[in-house]
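Biologist: I would like to learn how to read a model like this one. Could we go through it feature by feature?

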Amino acid sequence: MMENLKLKVSSTPHIREKNSIEDVMLDVIIALMPAAFAGVILFGQRAFLVMLLSVVCCVGFEWAYQIVAHKKRTISDMSAVVTGMLYAFCLPSNVPLYIVVIGAFIAIVIVKQLFGGIGQNFMNPALVGRAFVLASFPLAMTTFALDKMTIFDTNVITGATPLSSEFAGTAPTAWEQLFGVYENGQIIPGCIGETCGIALLIGFAYLLIRRVISVRIPLAFVGSVMLMTWLCGESAVASIQNPITAVLSGGVLLGAIFMATDYVTSPTTPWGQIIFGIGCGVLTCVIRFWGGYPEGVSFAILLMNILTPLLDKWTMPKPFGKVKN
């Protein structure tokens, strides 16, 4: 007797992936945890407060907007949590708390929800939030704590990032950058999630093992930063002139692993991803060496986000047998 089989009819695409949005976001959150723990260890309780406030604000703004706009509630997909963590990673631990709130509002409401929610934004929400507060509050965003802070600290010793030209000749070594501290135990100034390179690499390995991302964009990004630094670093006004330390400095690893690989705002084709990564690396170095900011990762990724549709169009494989009209 033949088994009663049913034909399932559906629209394209017919390829199904077992991982849901929630699964992917959970993997990203797990991959971010080593850098989050490192941020708290290096910068103290205040770093935890900034991360917690950022996540709460991002989730809260998404929930409130969807109620006001009569949209389906989507906070359970955890994408707002990821945005909140990534945005907090781009902030100094000593940043005023109102700046955290402002950037979270820009990221979630302006960049994400007003464009239709998850999957519809054409720029990375966390990076736009960071770029907005950097342009609005440049002093607060470029002054970094040199010591751990408690939640209630109001006074702290601060300094500039090692990417600043004032650090020329005294930049931290690659070994120091891997762990986020100098040999004398002093914290390397920087944002909460970018200082400890080893923590970011652990997250990178987890994402590769889980097949959440591929190596194309990160390797193209990192490789172009190294090449540009080797070719132009000595002739530019920059403190980081060694290709390896250039990658471990600032937000290169954070951006290459977690920001530039965003599914929504990066190309889908293999060659498009490679070109995207190279563009991010080149623009990062151009801004670092000859721009007005010591760091250029955020702006580089955002500029390449704009080019993503064109990169997909130019690198999309032609269907077999297609004839031009």
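Modeller: Gladly! Helices (H or I, at least four residues) and strands (E, at least two) are DSSP runs, numbered from the N terminus. Contact means heavy atoms within 4.5 Å. This is a predicted model, where local features need pLDDT of at least 70 and side-chain atom pairs count only at pLDDT 80 or more, while totals for chains, interfaces and linings use all residues. Residues are numbered from 1 along each chain as its sequence is written, and side-chain values use heavy atoms, with hydrogens and water left out.

Biologist: How many helices and strands are in the chain?

Modeller: The chain holds 13 helices and 2 strands. Of the contacts with a separation of 6 or more, 72% are between residues 24 or more positions apart.

Biologist: What share of the residues is buried?

Modeller: Buried means under 20% relative accessible area, exposed over 50%, and partly exposed in between (1.4 Å probe, protein chains only). Of the 325 residues here, 51% are buried. Look at helix H3 (79-89): 11 of its 11 residues are buried. Among them are Ser79, Ala80, Thr83, Tyr87 and Phe89. The buried residues of H3 pack against H1, H2, H4, H5 and H11.

Biologist: How do I read a nonpolar core?

Modeller: In soluble globular proteins, nonpolar side chains tend to be buried together. A nonpolar core is a set of buried Ala, Val, Leu, Ile, Met, Phe, Trp, Tyr and Cys residues joined through side-chain atoms within 4.5 Å. The largest one in this chain has 80 residues, and Phe221 and Phe258 have the most contacts inside it. Helix H1 gives the largest share of this core, 11 residues. Leaving aside neighbours within four places in sequence, Phe221 touches residues including Val252, Gly255, Ile278, Val297 and Ile301.

Biologist: Which helices do the buried residues of H13 pack against?

Modeller: They pack against H5, H9, H11 and helix H12 (270-290). Among the buried residues of H13 are Val297, Ile301, Met304, Leu311 and Thr315. H13 covers residues 297-315 and has a kink of about 50° at Leu307, shortly before the proline Pro309. The bend at a residue is the angle between axes fitted to the seven residues ending there and the seven starting there.

Biologist: How far apart are the end C-alpha atoms of H8?

Modeller: They are 19 Å apart, which agrees with the 18 Å that 13 residues (197-209) should span at 1.5 Å a residue. The expected span is 1.5 Å times one less than the number of residues. The buried residues of H8 are Gly197, Ala199, Leu200, Gly203, Phe204 and Leu207. They cover an arc of only 160° around the axis, so they are on the same side of H8; the arc is that of the directions from the helix axis to the C-beta atoms. The buried residues of H8 pack against H1 (21-43), H7 (174-179), H9 (216-232) and H11 (252-259).

Biologist: What should I look for in phi?

Modeller: Most residues other than glycine have a negative phi. Arg211, in the loop between H8 and H9, has a positive phi near 60°. At 76% relative accessibility, Arg211 counts as exposed. His70 also has a positive phi, of about 55°, and is found in the loop between H2 and H3. His70 is exposed too, with a relative accessible area of 72%.

Biologist: Is Lys112 buried or exposed?

Modeller: Lys112, in helix H4, is buried, with a relative accessible area of 3%. A polar contact is a pair of N or O atoms within 3.5 Å; within protein, one must be able to donate a hydrogen and the other to accept it, and residues adjacent in sequence count only if both atoms are side-chain atoms.

Biologist: Where is Asn121?

Modeller: Asn121 is in the loop between H4 (97-112) and H5 (125-136). With a relative accessible area of 6%, Asn121 is buried. A polar atom of the Asn121 side chain lies 2.9 Å from the backbone oxygen of Met123. Contacts of Asn121 beyond four places in sequence include Phe115, Asp262 and Val264.
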